[in-house]
Each structure stands twice: as C-alpha cells, then as structure tokens.
Amino acid sequence: MILPIVAYGDPVLRKVATEIDADYPNLEKLISNMKETMYNASGVGIAAPQIGKAIRLFIIDASPFADDEDLTEKDREVLKNFNRVFINAKIIKEEGEEWVFSEGCLSIPDVREDVFRQPKITIEYQDESFNTHTETLDGLAARVFQHEYDHIDGILFTDKLSTLKKRLIKKKLENISKGKINADYRMRFPNAKKGK
Ligand code: NI
C-alpha cells in the first residue's frame, strides 16, 4: 500500500524517533508499505517519520545510482547492491574531509541544495530480522545513509544550509507545508487549508 508522504512543516519530521524491537506491531507490513511508497515516489531512501511514524527505522535502495557514469566501477557495484532496512541505526564514527553533494528529499519536493558531509562512516544497525551488523560506508552510500539517519533524529537537509540559502528557500518551504506544490506522489500537508 502506498502511504502518503509527510511534507515539510509536519512536527513528526522534527521528533527524535524512538527505538523499536521485534515486538513492534505489523513491522513486516510497515516495511513493505514503506518500500512501495519509496519506489512509487522514485526515492532512494525513506525514513519512518516521513510516513508519520517517529520510530528509528529507514529503508534505502540506492541501486538507481549504479547507472551514474560519473562514478567509479567499484562505487557503482556497491550502490547496485545497497538495498537494505536499517533499524535502530547508529553512526559510530564519521571521518574525512567534508564533500558536497546536491541533496533532495521526498518530504521537500522540488528543492535540491548542496550539502556538506563527511565521506566515510562506521555504522551499527539491526536488519529486519533484528540481527546486528557493523559496517563501513563511503561516498554516496554513506551520503544516503547520513541523510536518512538525520530523519530519525528530526533533522532535515535544509537545516544544514547557510543562513543565506535558508532565507532564499524560506517561501518555497512555507508553500510546501501548505500543499502549494505539485508532487507526482501522494503527500500529507500539515498546513493545507481544509477542503482543498
Ligand atoms: Ni529525506
């Protein structure tokens, strides 16, 4: 089932999400719905707060980046298989000199901005069977993870922009929260006028 994606301005996107365990109700169904919702919106990641649940769960499928010819063969191979469920994820270490990449977000349609992040991370997480994994990610895989991880801490990529950039997109963000936007997927707007 495709779920409505929560738009910028909804308080659920600002919550520090809570950890879950294997007893979380209907988790399998929730994960499958989130996947369907992500693919329907052509996203490479989606976090539970974006469908209205403040829990530490997100999904990534970065395989669309595997076609990017600007990337090395090795990176493309990694991204092709970077399709996972992350539960209760933690970033153990972030390393290297910050690099810039133009990010977007399903909750903030039609906004893309350069964001600086460190290139290499060591993470720990549980998969959908609650097995614990530790691994190191770099480049775009790390980037997508960092973006989704921010969501479960109530952080959006627009928070990381310069004061000037924030000022320049302020009106656009307000319009998104009011539903004055044409997204080609289902959304839920916190400040939409009733009856619209
Ligand atoms: Ni996002």
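These questions and answers cover strand pairing and salt bridges in a predicted model.

Visitor: Which residue in strand 4 is the bridge partner of Asp 61?
Guide: Strand 3 covers residues 57–61, and strand 4 covers residues 83–95. The two run antiparallel and are joined by five bridges. The strand 4 partner of Asp 61 is Asn 83.

Visitor: How many bridges pair strand 4 with strand 7?
Guide: Strand 7 spans residues 120–126 and pairs with strand 4 in the antiparallel sense. The number of bridges between strand 4 and strand 7 is six.

Visitor: How many residues apart in sequence are the parts that Arg 84 and Glu 135 tie together?
Guide: The side chains of Arg 84 and Glu 135 form a salt bridge, N to O 2.7 Å. Arg 84 sits in strand 4 and Glu 135 in strand 8, so the pair ties together parts separated in sequence by 51 residues.

Visitor: Is Asp 150 buried or exposed?
Guide: Asp 150 makes a salt bridge with Lys 160, with the closest N and O atoms 3.8 Å apart. Lys 160 is partly exposed at 39% relative accessible area. The cut-off for buried is under 20%. Asp 150 has 9% relative accessibility, so Asp 150 counts as buried.

Visitor: What is the relative accessible area of Lys 171?
Guide: Lys 171 meets Glu 174 in a salt bridge at 3.7 Å, N to O. They are three residues apart in helix 4, about one helical turn. Glu 174 is partly exposed at 29%. Lys 171 is exposed, and its relative accessible area is 52%.

Technical notes
Residues numbered from 1 in each chain as written. Predicted model: local features only at pLDDT ≥ 70, side-chain atom pairs only at ≥ 80, totals over all residues. Heavy atoms only, no water. Pairing = 2+ DSSP bridges. Helix = DSSP H or I, 4+ residues; strand = E, 2+ residues; numbered from the N terminus. Salt bridge = Lys/Arg side-chain N within 4 Å of Asp/Glu carboxyl O. Buried < 20%, exposed > 50% of the residue type's maximum accessible area, 1.4 Å probe, protein only.
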